[in-house]
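Hi there,

Here is the structure I promised to pass on to you. Have a look at it first, and then read my notes below.

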Amino acid sequence: MSRTPHSPDRAGDAGERRAHADYTGGVYGSMLAASVVVGAGTLGSFPRVELVVLLLLTGVVFWIAHVYAQLFGARLAQQRLDRRVIRHVCRDEWPIVKAAVPPAVAVAVSPLLGLDEQGAVWLSLGVAVAGQVGWSVAAALRTGASTRLVAGAALVNLVIGMLIVTFKLVVTH
């Protein structure tokens, strides 16, 4: 990700609104979760608990990687790293982990819906793609984007999500 920690001199409500509307990590995390589901789904039968743990741990590992990259980038840019900056970066990147939770929950509740392991994989993949679209729409709405831009963001992310679904279909057949 190319975001950098916010500097102390950042001012203005518009800047704050844009900062709080940066859902890039959520979109990225949803794509990451979808790719984990696609990869795990090619392995055949597996315990659902493994997929839940794999989704959550992958989200956490990538969160750590993004936090480290942001802080290392800030260090290279000569920005002083203090607790406030570190907390801010951790919070900004947290949507990567949050995006893994709904697909993991989908796998966890899939037995209650009468789904077998492959049904759980497809449900989780659908939830991840829906999350990807949802995060992008939320970001666009939060920034006050036009209806056309919101629809465009949704469409682009839906197409990317369908591409991931196509990968799943190709990999399993």
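**What I found**

Leu112 counts as exposed, because its relative accessibility is 75% (exposed means over 50% relative accessible area, buried under 20%, and partly exposed in between, with a 1.4 Å probe and protein chains only). Leu112 sits in the loop between α6 and α7 (117-142). Helices here are DSSP runs of H or I with at least four residues, strands are runs of E with at least two, and both are numbered from the N terminus.

Before going on, please keep in mind that this is a predicted model, in which local features need pLDDT of at least 70, side-chain atom pairs count only at pLDDT 80 or more, and totals for chains, interfaces and linings use all residues. Residues are numbered from 1 along each chain as its sequence is written, and side-chain values use heavy atoms, with hydrogens and water left out.

Now the overall picture. The protein chain has 8 helices and 0 strands. Of its 173 residues, 42% count as buried.

Leu112 also belongs to a nonpolar surface patch of about 520 Å², together with Leu56, Val101, Val105, Val109 and Leu113. Helix α6 (residues 101-109) gives the most to this patch, with 3 residues. Patches take residues with over 30% relative accessible area and no salt bridge, joining like charges within 9 Å and nonpolar side chains (Val, Leu, Ile, Met, Phe, Trp, Tyr) within 5 Å. A salt bridge is a side-chain nitrogen of Lys or Arg within 4 Å of a carboxyl oxygen of Asp or Glu. Accessible areas come from the Shrake-Rupley method with a 1.4 Å probe, and for residues only the protein chains shown count as cover.

There is a positive patch too, formed by Arg83, Arg84, Arg87 and Arg91 (Lys and Arg count as positive, Asp and Glu as negative, while His and the chain ends are not counted; a charge is placed at NZ of Lys, CZ of Arg, CG of Asp or CD of Glu). Arg91 is in helix α4 (residues 83-93).

Leu51 counts as buried because its relative accessibility is 1%, while Ala65, at 39%, counts as partly exposed.

Finally, the buried residues of α8 include Val150, Ala153, Asn157 and Lys168.

Happy browsing!
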